[in-house]
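The tour below goes from one selection to the next.

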Amino acid sequence: VQLQASGGGLVQAGGSLRLSCVASGRTFVTYGWFRQAPGKEREFVAAIFGSIAYADSVKGRFTISRDNAKNTVYLQVNSLKPEDTAVYYCAATDRRYGTKPDRPTDYDYWGQGTQVTVSS
């Protein structure tokens, strides 16, 4: 199983991007997005697992969605700030959760990451 993330880039503060993550040949029960900035730990951004959850730092600016027919999960990122600069990773699992799966260990499959750089 492969997850292929794309859509990152260099944008000015206030700009937007749409990140995509395609799973090869199948769909999953639970998807998540994480990010990792240089010198920092990987941190939770958003998850879609029957419900939807966001990190407090991105609420109101980021939107996670999925298209099961395309085996794809999206992350619309708006009102970007320089502190959003990071490599963004998608993750997936068939495990079902009743509460937000916000730990890397909640997922079994990972994409390769896509770089988002926000200039001030």
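Is Phe28 buried or exposed? Phe28 is buried, with a relative accessible area of 2%. Here buried means under 20% relative accessible area, exposed means over 50%, and partly exposed is in between, using a 1.4 Å probe and protein chains only.

Before going on, note that this is a predicted model, in which local features need pLDDT of at least 70, side-chain atom pairs count only at pLDDT 80 or more, and totals for chains, interfaces and linings use all residues. Residues are numbered from 1 along each chain as its sequence is written, and side-chain values use heavy atoms, with hydrogens and water left out.

**Stop 1: the rings**

A search of the whole structure finds six aromatic pairs. Rings of Phe, Tyr and Trp (for Trp, its six-membered ring) pair if their centres lie within 6.5 Å; planes under 30 degrees apart count as stacked, over 60 as edge-to-face, and the rest as tilted.

Phe28 lies in the loop between strand S3 (17-23) and strand S4 (30-36), and Tyr109 lies in strand S10 (residues 109-110), so the pair ties together parts that are 81 residues apart in sequence. Strands are DSSP runs (E, at least two residues), numbered from the N terminus. Tyr109 is partly exposed, with a relative accessible area of 31%.

Now show Arg26. Its charged end sits over the ring of Phe28, 3.9 Å from the ring centre. For this label, NZ of Lys or CZ of Arg must be within 6 Å of the ring centre and within 35 degrees of the ring normal.

Next, select Phe34 and Phe44. They form an edge-to-face pair, 5.7 Å centre to centre with 75° between the planes. Phe34 is in strand S4 and Phe44 in strand S5 (residues 43-48), so this pair ties together parts ten residues apart in sequence. Phe34 is buried at 0% relative accessible area, and Phe44 is buried at 11%. Arg42 lies over the face of Trp110, at 4.9 Å from the ring centre.

**Stop 2: strand S4**

Colour S4. Six of its seven residues are buried. S4 pairs with strand S9 (residues 86-93) in the antiparallel sense over seven bridges; two strands pair if DSSP finds at least two bridges between them. Look for Thr30, which stands opposite Thr93 in S9. S4 also pairs with S5, antiparallel, over five bridges, and Gly32 has Ala47 in S5 as its bridge partner. In the hairpin of S4 and S5, six residues lie between the strands, and Gly39 takes a positive phi near 80°.

**Stop 3: the open sheet**

Which order do the strands of the open sheet have? The four strands run S1-S3-S8-S7, with antiparallel pairing. Strand S1 (3-6) and strand S7 (62-67) stand at the edges with a single partner strand each, so one side of each is left without a neighbour in the sheet. S1 and S3 pair over four bridges, and the bridge partner of Leu3 in S3 is Ala23.

**Stop 4: Tyr88**

Finish by selecting Tyr88. Leaving aside residues up to four places away in sequence, Tyr88 touches several residues, including Trp33, Phe34, Val45, Phe62 and Leu75. Contact means heavy atoms within 4.5 Å.
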